[in-house]
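Hello,

Please find the structure we spoke about below. My notes on it follow; please read them with the coordinates open.

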Number of protein chains: 2
Amino acid sequence: MTNNPKPLKGVFCPVLTPFDDQLNPDTTLFVEHCHRVLAEGCHGLAVFGTTGEANSLSVKERILLLDALIDSGVDGSVIAPGTGCAALPDSVRLTQHALEVGCSGVLMLPPFYYKNVTDDGLFQAFVKIIERVGDSRLKIYLYHIPPVSGVPLELALVERLADAYPECVVGLKDSSGNWPYTEALLKARPGFGAFSGSEIFLRNNLLAGGVGTITASANVNAPAIRSAYDGFRDKDAETLQSAITRRRQIIQAQPMIPGLKAVVAAVTGENGWLRVRPPLEPLSLAASNDLIKSLITDGYPPLSKSEISIES
Amino acid sequence: MTNNPKPLKGVFCPVLTPFDDQLNPDTTLFVEHCHRVLAEGCHGLAVFGTTGEANSLSVKERILLLDALIDSGVDGSVIAPGTGCAALPDSVRLTQHALEVGCSGVLMLPPFYYKNVTDDGLFQAFVKIIERVGDSRLKIYLYHIPPVSGVPLELALVERLADAYPECVVGLKDSSGNWPYTEALLKARPGFGAFSGSEIFLRNNLLAGGVGTITASANVNAPAIRSAYDGFRDKDAETLQSAITRRRQIIQAQPMIPGLKAVVAAVTGENGWLRVRPPLEPLSLAASNDLIKSLITDGYPPLSKSEISIES
């Protein structure tokens, strides 16, 4: 635990959550995968995001997985777990636990069951969590993902929270897919910890003063994304960005979560990775193989042509 | 506990959840309110629905409230708790608990975080809950409320579930506000346990073979709704229906949950009822008084003109 966590920056991986044949979290595969993406160049782990099927997990399951990750030797300072739930006590409990294990920040969804709620109501939702947690070490990165949550965080609300809690509400992950949102945020608040939710916007984000990306593709393409991050001001920066953009477009042509799991299954040879919790569905064998072929055609280094098919 | 729960029918109240000054559930007020709406004519209690702010409550909070209700002497056979959560283990735990305390049925939302999921994925979500619970007493009433959940239950999916589990998936609450949905469902499956989610459709629903209504307004207008239910074939049926429709329209002109809480606060003199958990907001004093004045003008019997204002 640290009294003054360092601001998060860099390439963070919203790690996938593997399941065993009873659809319970597979802690061993989870921990292995986290170590792998860190070794491949990720600065940190955004466990329990949308990509991690976090809202399909119970509070207890999330706590056990995070504890296992810490026990495996990953320092809490490089972990930013998702802790925003529909229910206030769940968000509070998960946020407290993140602080207990020394996480430098948390990624926080707004409560997402009720739709068309007011900015005042959402403001109070975050205030109640901050007050109940009552810990000066807390660093919140707001999680803006309206296509999934159904609850957008308007810029005026983000600014209001950052004004009210300047030491606590320090950043945001923009998964809206709408670059002008991040751009406007960074223009209004230079220095705010803005992460792009897709590496497609990585260079734009860094040039505008943002701090990095928290991107699902980092589960399978961390080295290239790290290179583009490190080289964003180099003379080949556009080439590096184009390469990760092209690969992202291949990946997101399929449903992202089962698609990424299919790639991890192919890379690791662990077919357990193919499982998802409903309401998500595994990718079909044909779609998985199409995805993997497209990646190989794009020069995807972890796979050779001999590994082209996932077996049924 | 009963081995063969009787099918649910009648007027069910999706009871409001009161909070204390720390925004924790107020068990005493909750239990009192449940007894009151039963005494006023409700056949049963649909605790932990949208109106009950269920998804703003933790699993533990819901279990404690339901246990308190049972301990107060309400028979489980008249309680149909909401048990559908975003996370599979939470839905399973709450459903098991409902069976443990003898509930005759549960109202089940689909997992509601991911949007635009497939019918196959949603089908599997319900299958996994049914399999994990593994109890032949389980009676599921599907909860279709797309404007809030963001996850509609298409009729084809409802039929597929009812075909696959004819003894288990026995009904549905339609809170879409779209009467043709219920109408088509009852045409396709005569005898299916269809509840209208608003008393506006009560008579239509009963005439079409439906079984009743689970309606938020029953928190404040149970006697009139019960009369319309009992008299739906009487010669004054249309008059009874018009009266509850008119009152519903007054109520839903304001945000429903804080509006209903304001009315209960006025009726009981317990201002604690005004509290909601964020992201919901209490009604303004002006809006509360407008609502109460409109109800009194409509002849709302629990209040007299001397009680017209909620104090600030």
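Confidence

This is a predicted model. Chain A has a mean pLDDT of 96, with 96% of its residues at 70 or more. For the model, ipTM is 0.96 and pTM is 0.96.

Where chain A meets chain B

The contact between the chains involves 32 residues of chain A and 32 residues of chain B. On the chain A side, two elements each supply two or more residues: helix H3 (88-100) and helix H4 (119-133) of chain A. H4(A) gives the most, with six residues. By residue class, the side of chain A that touches chain B is made up of 18 nonpolar, seven polar and seven charged residues.

Chain B contains an open sheet of seven strands, and the pairing is parallel. Read across the sheet, the strand order is E2-E1-E7-E6-E5-E4-E3. At the edges are strand E2 (44-45) and strand E3 (106-108) of chain B, each of which pairs on one side only.

What does E3(B) pair with? Its partner is strand E4 (residues 140-144) of chain B, and the two run parallel over three bridges.

Regards

Note on methods. Residues numbered from 1 in each chain as written. Chains lettered and ligands numbered in written order. Predicted model: local features only at pLDDT ≥ 70, side-chain atom pairs only at ≥ 80, totals over all residues. Contact = placed C-beta atoms within 7 Å. Helix = DSSP H or I, 4+ residues; strand = E, 2+ residues; numbered from the N terminus. Nonpolar A, V, L, I, M, F, W, Y, C, P; charged D, E, K, R; others polar. pLDDT = per-residue confidence, 0-100. Pairing = 2+ DSSP bridges.
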